[in-house]
Amino acid sequence: MSKSICNLNLSLQYLLLMITLLLLKVDSRTHPGDVRVLKDLKHGLHPESIAPGSCLSSWDFSVDPCDHIFSDRFTCGFRCDWFASGFFRVTEITLDPVGYSGLLSSTTWNLPYLQILDVSDNSFYGSIPDSLSNLTRLRRLSLSMNLLSGKMPVSLVSLAHLEELYLDSNSLHGSIPSSFNSLVSLKRLEIQENNLSGEFPDLGALKDLNYLDASDNQISGEVPSTLPVSLVELSMRNNNLRGKLPVNVSDLEFLQVLDLSHNKLSGPILSVLFDHPSLQQLTLSHNNFTFLQVPGTVGLTSKLIALDTSYNDLRGILPGFLCSMPKLSSLSLENNKFTGMIPSQYALKVAVPRSNSSSLERLLLGGNYLFGPIPSALMGLKPGSANVSLVDNCLYRCPDTFFFCQGGNQKSLVDCKKRFETVIPLD
């Protein structure tokens with residue numbers, strides 16, 4: 001009996017505690033410091049950039065923000081969560097892309113519980129303020145597609161929990177801070193379409209980084225040999241990279257997409273890229289590569305689906321091993337200096353389906369010095385069945401009646417003869 005009474009008392013005490021907590025939660029309001037940051041953010045914008053119907057046009061600080069979120073007073077733009085301290089705290093700010101214009105330094109960013117800050121696709125300008133380092137719980141920071149300038153702030157390295165960093169499509173300049181190697185939680189880094197320069201730093205300590213895009217900058221030096229082994233996608237397209245490909249690119253065992261096009265890379269295209277255990281898309285166009293190394297497996301174990309080595313200085317005959325790649329469906333070798341006849345296996349991989357191998361849906365061989373007749377397997381292809389181009393070569397006959405001969409003529413006999421004399425000097 002006494003035990004039952006004791007249990008009943010405990011149950012009543014627990015119930016009273018839950019009711020108290022619920023009442024406390026209902027009565028809770030936004031932390032004053034968080035309200036101040038929201039006010040400063042709105043008041044720091046150019047009024048004309050706050051469009052009618054936008055999130056910030058609804059922010060009315062005559063009422064409490066978190067108590068009225070998703071109402072007509074605070075329709076959108078942020079999120080609140082209740083904490084045991086008795087206050088709602090702002091945990092996310094995601095502004096709508098309507099062209100808000102102003103300085104990010106208009107507030108102190110003293111939001112200790114903020115996890116997501118996304119002001120992308122607006123017109124914020126000026127430098128990235130060091131005060132963003134106050135966001136110690138931040139997991140995602142997106143400042144993409146604004147008008148931000150200045151350097152990438154070293155202060156961001158204090159964001160120990162940062163998993164995603166988007167600084168792309170701005171006007172940032174200077175070098176990438178080597179201290180970014182301490183952002184050990186980072187999984188995605190996008191800094192493309194800026195004016196960043198200097199050599200790429202060592203980011204090998206970022207063991208969780210799986211996506212890195214540093215394209216469309218002015219980054220110089222060689223392709224870094226100390227990249228995170230966790231990378232799945234790597235793009236450094238359209239920079240000023242020079243030298244040869246690092247042999248240890250094979251250490252990036254999870255890599256699926258590699259784009260180093262539009263640089264000044266030279267030397268061989270390494271055989272390890274064709275033997276790679278996971279690489280599916282390889283884009284090395286618009287460089288100065290001179291030849292392709294033949295892999296020991298002759299391409300039979302390759303995972304490549306798409307290969308683009310167009311606009312290089314590749315020479316010799318077309319490599320036969322490329323047609324042994326079982327999953328390859330897109331191959332571009334345009335605008336190189338290949339000679340010889342088109343191997344029959346190239347034509348067969350386009351025209352003849354195989355049960356154990358993908359057909360080539362895209363075969364671009366234009367702009368080389370290929371000669372001889374068109375392979376018979378190609379002559380039966382109908383327009384739309386595959387994307388094939390043989391223009392601007394030295395083929396015996398390539399009339400416009402074949403869709404893959406349309407869009408350009410064959411080279412003149414003079415140009416072809418000069419090339420052949422260079423390859424095979426005549427006494």
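Mentor: Strand β12 and strand β14 (residues 218-221) run parallel and are joined by three bridges. Strands here are DSSP runs of E with at least two residues, helices are runs of H or I with at least four, and both are numbered from the N terminus. Two strands are said to pair if DSSP finds at least two bridges between them. The model is a predicted one, in which local features need pLDDT of at least 70 and side-chain atom pairs count only at pLDDT 80 or more, while totals for chains, interfaces and linings use all residues. Residues are numbered from 1 along each chain as its sequence is written, and side-chain values use heavy atoms, with hydrogens and water left out.

Within that pairing, Glu-199 has Ser-220 of β14 as its bridge partner. Strand β12 (residues 195-199) is also joined to strand β10 (residues 171-174), by two bridges, and these two run parallel.

Another strand residue is worth a look. Thr-290 sits in strand β20 (residues 288-292). Its relative accessible area of 28% makes Thr-290 partly exposed; the scale calls a residue buried under 20% relative accessible area, exposed over 50%, and partly exposed in between, using a 1.4 Å probe and protein chains only. Along the sequence, Thr-290 and Arg-315 are 25 residues apart, but their C-alpha atoms are 6.3 Å apart in space. If residues up to four places away in sequence are not counted, Thr-290 touches Gly-267, Asp-313, Leu-314 and Arg-315, where contact means heavy atoms within 4.5 Å.

Now the helices. Helix α2 has 12 residues and spans 16 Å from its first C-alpha to its last, close to the 16 Å expected; the expected span is 1.5 Å times one less than the number of residues. Its buried residues are Asp-34, Val-35, Val-37, Leu-38, Leu-41 and Lys-42. Seen down the axis of α2, these fall within an arc of 160°, so they line one face of the helix. The arc is taken from the directions that run from the helix axis to the C-beta atoms. In general, an α-helix has 3.6 residues a turn, so residues three or four places apart point the same way. The buried residues of α2 pack against β1 (29-30), β2 and β3 (87-94), whereas the face turned away from the buried side carries the exposed residues Pro-32 and His-43.

Helix α3 (residues 344-351) can be read in a similar manner. Tyr-346, Ala-347, Lys-349 and Val-350 are buried in α3. They cover an arc of only 160° around the axis, which puts them on the same side of α3. Their cover includes β23 (330-332), β25 (362-364) and β27 (387-389).

That leaves the cysteines. The structure has four disulfides, a disulfide being a pair of cysteine sulfur atoms within 2.5 Å. One of them is formed by Cys-55 and Cys-76, with sulfur atoms 2.0 Å apart. The angle about the S-S bond is -110°, and the link of Cys-55 and Cys-76 is left-handed. Both cysteines lie in the loop between α2 (32-43) and β2 (78-82), so the pair ties together parts that are 21 residues apart in sequence. Cys-55 is buried at 6% relative accessible area, while Cys-76 is partly exposed at 25%.

A further disulfide joins Cys-66 to Cys-80, S to S 1.9 Å, and the link of Cys-66 and Cys-80 is left-handed, with -70° about the S-S bond. This pair links distant parts of the chain, 14 residues apart: Cys-66 is in the loop between α2 and β2, and Cys-80 is in strand β2 itself. Cys-66 is buried at 7%, and Cys-80 counts as buried at 15%.

Cys-398 and Cys-405 are also joined, S to S 1.8 Å, and both are buried. Their link has -90° about the S-S bond and is left-handed. Cys-323 counts as buried, at 6% relative accessibility.
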